[in-house]
Amino acid sequence: MHIVLFDKADWRKALYPLTLTRPVADLRVGILTIAEKWGKWLNTPFSFLTPTYLSEKYPLTDHTGPLWLIRGNCCPDDRLCDAIAGLRPGEGLTDEDGWIAIHTDTASLAAAAEGDYAPVRYPHPVTCIRHPEDIFLRNGAAIQADFDLLTKGRVSAELSDSNRFIGDRVFAEPGATAECATFNSTTGPIYLGKNSEVWEGSLIRGAFALGEGAQVKMGTRVYSNVTVGPQCRVGGELNTCVIWGRSSKGHDGYLGSAVVGEWCNWGADTNNSNMKNNYKPVRLYDYDHKDYRNTGLQFCGTIMADHAKCAINTAFNTGTVVGVAASIFGAGMPPTYIPDFSWGGSEGFTTYDLDKMVETARLVYERRDCTFDDVEQKLLTAVFELTRENRKF
């Protein structure tokens with residue numbers, strides 16, 4: 001069997017700007033991305049059925065034979081995986097939102113996605129990521145589920161006795177190091193990825209996940225329900241947030257009730273507000289409706305897409321949405337919706353020239369020993385064109 005994770009247009013648009021540069025199933029919630037979760041739960045290779053401009057980076061594997069077509073915004077669990085494994089060819093697991101998974105084959109893939117299957121009703125709740133805020137809202141539970149999945153039957157690598165441990169749910173992968181830090185896992189598990197580092201004086205409260213090669217700098221305060229993805233560097237205060245990976249928030253400043261994508265940078269002493277002064281529900285800009293949507297949440301901070309960057313002392317208002325490759329600088333508080341490829345701040349924006357953005361991206365990739373290739377450039381060029389109408393400067 002093979003897994004194909006399907007991107008439907010309305011699921012994707014509801015998660016913009018985070019899914020402008022990736023399939024829905026490549027979103028990170030907990031320790032793993034949604035796709036990685038499915039691969040491990042079903043012990044099966046996965047690939048993506050996604051828009052053409054994303055498909056070179058996230059291809060559909062040339063697979064012959066039976067497969068499971070799974071909606072990309074759903075997360076697995078024991079009961080759901082058992083139900084999917086029990087599907088017969090041609091059957092599709094459904095709930096009130098439509099199909100969840102279909103047992104089909106390569107030849108019938110397109111027809112299955114359009115509804116050609118025999119429905120089998122699934123009577124239980126399904127964890128779906130429908131809007132950007134669902135990522136940080138579900139992150140604590142996702143860390144716990146991923147922690148159990150990844151550590152079952154395994155023994156943690158040893159950590160230095162210079163650390164203080166409160167509780168016993170700390171797991172370190174090989175090469176992970178920590179010195180003179182405090183880990184409190186009584187509120188949730190703590191996972192330290194391969195070759196990750198926790199520097200002296202850090203205070204970490206679970207649930208917490210640190211990705212492979214990521215670093216927590218000296219004196220960092222990490223509250224519950226935080227994921228710092230692979231190759232990130234963080235400092236300051238973090239609370240109920242997810243950083244996808246290869247991004248830097250290396251200095252003092254508060255990040256809370258937030259999602260940050262890949263290849264982002266937060267300038268020193270940048271902060272985000274996550275609660276309004278009047279305590280009313282927070283609204284977020286919705287790309288699909290081109291208007292603000294009431295989240296119903298009292299706590300909601302910043303949603304920042306891939307390649308976005310902000311200068312020192314940036315102050316993000318409650319419920320700010322930052323588009324792909326936006327570059328923010330200058331005094332004052334920027335608006336709560338910053339379109340993709342914007343250049344400027346509270347005094348106004350212009351379009352961030354694509355060639356200049358690509359030039360910077362090449363340098364950023366080089367710093368992390370990565371290559372910004374033609375595939376990356378074509379993807380970002382497509383996003384630039386796709387979002388052109390949003391930049392009304």
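Start the tour by selecting Trp-343, which counts as partly exposed because its relative accessible area is 37%, where buried means under 20%, exposed over 50% and partly exposed in between, with a 1.4 Å probe and protein chains only. The model is a predicted one, in which local features need pLDDT of at least 70 and side-chain atom pairs count only at pLDDT 80 or more, while totals for chains, interfaces and linings use all residues. Residues are numbered from 1 along each chain as its sequence is written, and side-chain values use heavy atoms, with hydrogens and water left out.

**Aromatic pairs**

Rings of Phe, Tyr and Trp (its six-membered ring) pair if their centres lie within 6.5 Å, and planes under 30 degrees apart count as stacked, over 60 as edge-to-face and the rest as tilted. By this rule the count comes to 19 aromatic pairs. Phe-329 and Trp-343 make an edge-to-face pair, with 5.2 Å from centre to centre and 70° between the planes. This pair links distant parts of the chain, 14 residues apart, with Phe-329 in the loop between β30 (327-328) and β31 (337-338) and Trp-343 in strand β32 (residues 342-345); helices (H or I, at least four residues) and strands (E, at least two) are DSSP runs, numbered from the N terminus.

Next, select Phe-6 and Trp-11, both of which are buried. Their rings are edge-to-face as well, at 6.0 Å centre to centre and with 85° between the planes. Then select Tyr-16, Tyr-285, Tyr-287, Tyr-292 and Tyr-337, which ring pairs link into a cluster.

Move on to Trp-244, where a charge sits over a ring if NZ of Lys or CZ of Arg is within 6 Å of the ring centre and within 35 degrees of the ring normal. Arg-22 lies over the face of Trp-244, at 4.5 Å from the ring centre, and Arg-28 also lies over the face of Trp-244, at 4.5 Å from the ring centre.

**The nonpolar cores**

A nonpolar core is a set of buried Ala, Val, Leu, Ile, Met, Phe, Trp, Tyr and Cys residues joined through side-chain atoms within 4.5 Å. In the largest such core, which has 62 residues, select Trp-38, Ile-70 and Phe-341, the members that touch the most others. Helix α8 (residues 354-367) gives this core its largest share, 5 residues. A second, separate core has 37 residues, among them Phe-208, Val-226, Val-234 and Cys-241.

Centre the view on Ile-70 and show its contacts, meaning heavy atoms within 4.5 Å. Beyond its neighbours within four places in sequence, Ile-70 is in contact with residues including Ile-3, Phe-6, Trp-38 and Trp-99.

**Two loop residues**

Select Thr-19 in the loop between α1 (9-13) and α2, which is buried, its relative accessible area being 0%. Leaving aside neighbours within four places in sequence, Thr-19 is in contact with Arg-12, Val-24, Leu-27, Tyr-53 and Leu-54.

Pro-45, in the loop between α2 (34-41) and β2 (46-49), counts instead as exposed, at 53% relative accessibility. Not counting residues up to four places away in sequence, Pro-45 touches Met-1, His-2 and Ile-3.

**Helix α7**

Finish by selecting residues 139-151, the helix α7, where Asn-139, Gly-140, Ala-142, Ile-143, Asp-146, Phe-147, Leu-150 and Thr-151 are buried. These residues cover an arc of only 155° around the axis, which puts them on the same side of α7, the arc being that of the directions from the helix axis to the C-beta atoms. Gly-153, whose phi is positive, near 75°, follows α7.
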